[in-house]
Amino acid sequence: MKRIVVLISGRGSNFQAIAEANLPVEIAAVISNRPNAAGLDYARSRGLPAVALDHTIYPDRESFDAALAAEIERHAPDLIVLAGYMRILTAGFIQRFEGRMLNIHPSLLPMFPGLKTHERALAEGIKIHGCSVHFVTADLDHGPIVIQAAVPVLADDTADTLAARVLQQEHRIYPQAIRWFAEGRLLINDGHVNLLGDQASQSVFP
Ligand code: GRF
């Protein structure tokens, strides 16, 4: 069975959705750069190895990412899953794990890379928003896209109501992406993800 390591920084609702999806993977460890992340408590409640690696005690990004990489390697994962992991990764770290690291981003990439995606979507007046699971590359929030889900933007939406609607879809598409990875169905070809095997949709509409 494929092994995954999940990186979180906070609430951990995506991690929870992944843990509850009965995926054909072993969650080898959950690592948070914030020791008080609620997701760590959830991991412990499920008897999963939960590791706090406090980034604030490292002098710089390089030394923290080196410690993070060493901790990840101890668990020998096939796949690293960024689930609300809120720190920029160094180029060296990304290179080391390229092709076996997924991220979820709360927008329809390549629209709105970076932070505050829901606020920016509302400010632009777009009518369809969503979320994307993608492989992580050096180009922030621009790696090969595995699956995307769309949601409508409603006239009375606030950033919070829109975020909640998107989050429901995040919980749906992230387990799906990991399942495809575990089944060996994701092929990165010329910067795009080809889904091997049975026809399945990489675009989800509510
Ligand atoms: C999610 O919206 C994710 O897309 C973004 O941060 C949020 C994390 O939520 N990167 P959670 O910790 O998984 O509940």
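In this predicted model, a polar side-chain atom of E170 lies 2.7 Å from an oxygen atom of the ligand. The protein covers 85% of the 370 Å² of accessible area that the ligand has on its own. The points below begin with the surroundings of the ligand, then turn to the nonpolar cores, and end with some details of the backbone.

**Around the ligand**

- The residues that surround the ligand are R11, G12, S13, N14, G84, I104, P106 and E170, and E170 is the one whose polar side-chain atom was described above.
- S13, by contrast, takes part through its side chain, where an N or O atom is found 2.5 Å from an oxygen atom of the ligand.

**The nonpolar cores**

- The largest nonpolar core is made up of 44 residues, and those with the most contacts inside it are V6, F15, L102, V133, V146, Y174 and I178.
- Helix α6, which runs over residues 159-182, gives this core its largest share, namely 9 residues.
- At least three residues of this core come from domain 1 (1-97), and at least three come from domain 2 (106-132 + 144-206).
- Apart from this core lies another one, which has 20 residues, including A28, A69, L82 and F97.
- Y174, one of the residues with the most contacts inside the largest core, touches N14, I18, V81, L82, A83, L102, N103, I104 and V133 when its neighbours within four places in sequence are left aside.

**Details of the backbone**

- The peptide bond that leads from L109 to P110 is cis, with an omega near 10 degrees, and P110 has its place in the loop between β5 (101-105) and α5 (117-124).
- F112 lies in the loop between β5 and α5, and its phi is near 55 degrees, which is a positive value in a residue other than glycine.
- F112 has a relative accessible area of 11%, and it counts as buried because this value is under 20%.
- D141, found in the loop between β6 (128-135) and β7 (145-152), has a phi near 60 degrees, again a positive value in a residue other than glycine.
- The relative accessible area of D141 is 8%, which is under 20%, and therefore D141 is also classed as buried.

Notes:
Residues are numbered from 1 along each chain as its sequence is written. This is a predicted model: local features need pLDDT of at least 70, side-chain atom pairs count only at pLDDT 80 or more; totals for chains, interfaces and linings use all residues. Side-chain values use heavy atoms; hydrogens and water are left out. A nonpolar core is a set of buried Ala, Val, Leu, Ile, Met, Phe, Trp, Tyr and Cys residues joined through side-chain atoms within 4.5 Å. Buried means under 20% relative accessible area, exposed over 50%, partly exposed in between (1.4 Å probe, protein chains only). Helices (H or I, at least four residues) and strands (E, at least two) are DSSP runs, numbered from the N terminus. Domain bounds come from an automatic or database domain assignment. Contact means heavy atoms within 4.5 Å. A residue is near a molecule or strand if one of its heavy atoms lies within 4 Å of it. A polar contact is a pair of N or O atoms within 3.5 Å; within protein, one must be able to donate a hydrogen and the other to accept it, and residues adjacent in sequence count only if both atoms are side-chain atoms. Accessible areas come from the Shrake-Rupley method with a 1.4 Å probe; for residues, only the protein chains shown count as cover.
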